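Here are my notes for a first look at this model. Please keep the structure open while you read.

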Amino acid sequence: MSEKEYGTYSAPWTKTFDLVFLIGWLAGLAVLTGITIFQRDTVNIDSNFFAFGVVKILLVCTIALVGGLICRKFCDTDEKGYIVYTRPTKFKVNYTRKLQHFAAYLAPLINPFGKHEGLLPHLWETLFVMLTFLLLIKPLRENVRLFMLQFNSMDRPEDRPHTLKWIILGNVLPGLLLSVYFQYLFEKVLDAPFLVMIVVIAVSIGDGLAEPVGMYLGKHKYTVPAWNFKRRYTRSYAGSACVFITTLIGVLAFHGDFSTMRQFIAALVILPPLMTFAEAFAPHSMDTPVMMLSGYTVLAGICCWGWF
């Protein structure tokens with residue numbers, strides 16, 4: 001399949017989502033800076049927080065770079081560096097973009113100092129992650145090979161020329177904002193901050209494995225309707241099993257963070273099929289926010305159950 005079969009990146013970047021993204025990120029930076037300065041005596045943000053923020057940015061960029069190098073190994077590129085499928089291969093960019101998702105959702109949860117909790121620090125961490133995607137806008141990636149390699153790891157040809165727009169607005173941004181809210185809820189209200197990792201593991205690893213496993217081992221298929229019932233999507237039982245088993249492992253791994261055995265058993269019974277169902281029926285390119293909203297909401301409800 002060639003790039004001509006899909007969209008191209010020929011339009012001026014100032015007439016695309018790239019410019020909107022840049023303006024939006026700078027506006028977010030200005031707002032968070034103003035709030036941080038205004039509340040500097042009450043928020044737990046210090047130089048260590050921003051120093052480790054740089055580490056998180058480098059972590060996400062490094063994982064994206066590894067994904068890009070994997071893409072280059074299995075696929076050819078055009079004169080600008082975009083991936084083209086000009087030779088037979090079973091490899092798909094869909095696989096490496098899941099690495100980027102995992103890094104993006106995991107990075108804000110890493111808190112080595114144990115004190116940078118709260119809504120404002122989490123919003124800053126969201127801005128850090130969004131910066132790693134902002135570096136991939138057209139004028140930067142087409143002039144800096146390092147950024148083009150990172151972009152290769154998530155640029156599905158069938159998404160062009162809307163790859164960055166769809167991944168930010170339909171996946172990463174809503175997913176991160178959901179994570180911010182529920183991470184704050186689990187920290188400050190439910191006193192179980194590590195339970196959010198169950199959903200992150202299910203979304204990142206389970207959903208990430210579903211497609212390649214389904215492609216190579218998924219001999220038995222089934223179809224599910226889209227939410228508007230206007231078309232149907234093909235899924236495999238092997239791919240869905242990845243989501244189910246990964247969620248199950250996540251619940252077992254964090255069993256000690258549940259307040260009661262009743263909560264743990266409820267999570268063990270409810271979450272694996274719930275996350276599997278959410279992944280199967282989620283709209284194209286929006287599976288992450290759908291799975292996160294479903295998983296976090298039900299998990300929070302289970303944790304609240306122990307109060308009554």
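1. The model is predicted, and a search of the whole structure turns up 2 cavities of 30 Å³ or more. Rolling a probe the size of a water molecule over the atoms shows where empty space is left.

2. Take the second largest cavity. It holds about 40 Å³ of space. Its lining is made up of P108, L109, H122, E125, T126, L176, S179, V180 and Q183. By class, these residues divide into 4 nonpolar, 4 polar and 1 charged.

3. Which helices supply at least two residues each to the lining of this second largest cavity? They are α4 and α7. The largest share, 4 residues, comes from α7.

4. Now the second largest pocket. Its volume is about 270 Å³. It is lined by 16 residues, and the closest to its centre are G24, W25, L127, M130 and L173. Two or more lining residues come from each of α1 (17-38), α4 (119-134) and α7 (163-188).

5. What is the make-up of that pocket lining by class? The second largest pocket has 13 nonpolar and 3 polar residues in its lining, and no charged ones. The largest share of the lining, 8 residues, belongs to α1.

6. That makes α1 worth a check of its own. At 1.5 Å a residue, its 22 residues should span 32 Å, and the end C-alpha atoms lie 31 Å apart, which agrees.

7. Which residues of α1 are buried? They are F17, D18, F21, W25, L32 and T36. These residues cover an arc of only 95° around the axis, so they sit on the same side of α1. An α-helix has 3.6 residues a turn, so residues three or four places apart point the same way. The face of α1 turned away from the buried side carries the exposed residues V20, I23, A30 and F38.

8. Look next at α10, residues 261-281. At 1.5 Å a residue, its 21 residues should span 30 Å; the end C-alpha atoms are 30 Å apart, so the two values agree.

9. Where does α10 bend? The bend is at I270 and amounts to about 30°. A proline, P272, follows within four residues.

10. The buried residues of α10 are Q263, F264, A266, A267, L271, P272, M275, T276, A278, E279 and A280.

Key: Residues are numbered from 1 along each chain as its sequence is written. This is a predicted model: local features need pLDDT of at least 70, side-chain atom pairs count only at pLDDT 80 or more; totals for chains, interfaces and linings use all residues. Side-chain values use heavy atoms; hydrogens and water are left out. On a 1 Å grid over the protein atoms alone, a cavity is a set of points where a 1.4 Å probe fits but cannot get out, and a pocket is an open set with protein on both sides within 12 Å along at least five of seven lines; lining residues have an atom within 4 Å of a point. Grid points are joined across faces, edges and corners, and a volume is the space filled by probe spheres set on the points. Ala, Val, Leu, Ile, Met, Phe, Trp, Tyr, Cys and Pro count as nonpolar, Asp, Glu, Lys and Arg as charged, and the others, Gly among them, as polar. The expected span of a helix is 1.5 Å times one less than its number of residues. The bend at a residue is the angle between axes fitted to the seven residues ending there and the seven starting there. Buried means under 20% relative accessible area, exposed over 50%, partly exposed in between (1.4 Å probe, protein chains only). The arc is that of the directions from the helix axis to the C-beta atoms.
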